[in-house]
Amino acid sequence: MIRCKSKFYRANLKSAEDKAVYDCILAALESQKNEVIISSSLMNGISCTLVDLVLYVRMDNPGLFYVDFQKYSFLNQWPDRKIVFSYLYPITQIDDIEARIVRKIDSIIREGNVSQLTFYEKELALHDYHMENVTYESAGKSYHKAHSAVGAVLNGRAVCEGYAMAVKLLCDAVGLSCLVLHGTATNSDGKGNHAWNIVKLDGKCYHIDVTWDGCSKTDSQTSRNCFNLTDDDMSQDHTWDRVLLPPCISQDENYFVHSGNYFTSSDELRNFLVKGLKNGQRNFAVRINHKFQDESKLKGIIQDSIKSLFMTNFLGYTYQFQYDNKRNVISIAVKIPCM
């Protein structure tokens, strides 16, 4: 059984009975049993619902990839309650799949030399691994796998929950505190259910949405727009249970702040672009601390930066940029033809 080290939801249960029921459910599923009996004495003392407790077990333990959490049921067995589970794989296949997951995780860590990195660098390496090796899976294709770590780790295809489960498995494997959370998110297709992660670095918590970044990357750049965000950043298009989950208020380990690509004025941004272009850089990703009135202002800064170094009227330069006005992140790709 792949046991995760950090169990946020269990640690934050309110009563001893809540924790005892959680432990009963987890023990049964780790033993690959189809049912668990919850005694009436425990039922009388729990402060949250059995549905919530099953959900907490699920989010704390992505190693339970073989459980069909969409199809469990409750039965009365007076005076106790019974929870009946079903599995996505034959019992005889579970150990083999688990061993493959463990080998793959070990390979990812070894080949990326992840164990030798700082915690921030570990998180970034695992984020970028998903950018390069996992694609978003549309509904209906290997669907149950896409919702679990199996989809992301073994098949390279997952939906948001599969991404988040894999991120937690990998973070736990390298000693990085991480939790999976469920909420909603709004994109061009509308509002829907969503899953992502919160990590803790140096005692401070940050949102990381690998799915969101994976769907935003381009051929020329890896997106890190959603790497270590605050609650304010994330709430632009995500919602979640702020009472239950830890606050994320620091920007210290935000990707752009940490890498020095965070600017507080147009002049700072312009100077950075000019210096980069002068040194041969053609792809940029930066963050600013305020929102421009419109994209024409951004275009003006980019054009001015290029014109300060090149005879642009003769060279016929081109550029592309994306402006994430929810995160204040600008991605720029400049093409300067050879003279």
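This note comments on the nonpolar cores and the aromatic pairs of a predicted model.

1. The largest nonpolar core has 87 residues, and those that touch the most other members are Ile25, Leu29, Leu53, Phe85 and Ile101. Helix α9 (residues 160-173) supplies the largest share of this core, namely nine residues. As background, nonpolar side chains tend to be buried together in soluble globular proteins.

2. Isoleucine 101 deserves a separate look. Leaving aside residues up to four places away in sequence, isoleucine 101 touches Ile2, Phe65, Val150, Val153, Leu154 and Leu169. There is also a second, separate core of 19 residues, with Val286, Ile306, Tyr317 and Ile336 among them.

3. Aromatic pairs number 14 in the structure. In one of them, the ring centres of phenylalanine 65 and tyrosine 89 lie 6.1 Å apart with their planes at 65°, so this pair is edge-to-face. Phenylalanine 65 belongs to the loop between α4 (50-60) and β2 (73-77), while tyrosine 89 belongs to the loop between β3 (80-84) and α5 (91-111); the pair therefore ties together parts that are 24 residues apart in sequence.

4. Both phenylalanine 65 and tyrosine 89 are buried. Together with Tyr66 and Tyr87, Phe65 and Tyr89 form one aromatic cluster.

5. Another edge-to-face pair joins tyrosine 255 and phenylalanine 256, with 5.1 Å from centre to centre and 80° between the planes. Tyrosine 255 counts as buried because its relative accessibility is 13%, under the 20% cut-off. Phenylalanine 256 is likewise buried, with a relative accessible area of 1%.

How values were computed: Residues are numbered from 1 along each chain as its sequence is written. This is a predicted model: local features need pLDDT of at least 70, side-chain atom pairs count only at pLDDT 80 or more; totals for chains, interfaces and linings use all residues. Side-chain values use heavy atoms; hydrogens and water are left out. A nonpolar core is a set of buried Ala, Val, Leu, Ile, Met, Phe, Trp, Tyr and Cys residues joined through side-chain atoms within 4.5 Å. Buried means under 20% relative accessible area, exposed over 50%, partly exposed in between (1.4 Å probe, protein chains only). Helices (H or I, at least four residues) and strands (E, at least two) are DSSP runs, numbered from the N terminus. Contact means heavy atoms within 4.5 Å. Rings of Phe, Tyr and Trp (its six-membered ring) pair if their centres lie within 6.5 Å; planes under 30 degrees apart count as stacked, over 60 as edge-to-face and the rest as tilted.
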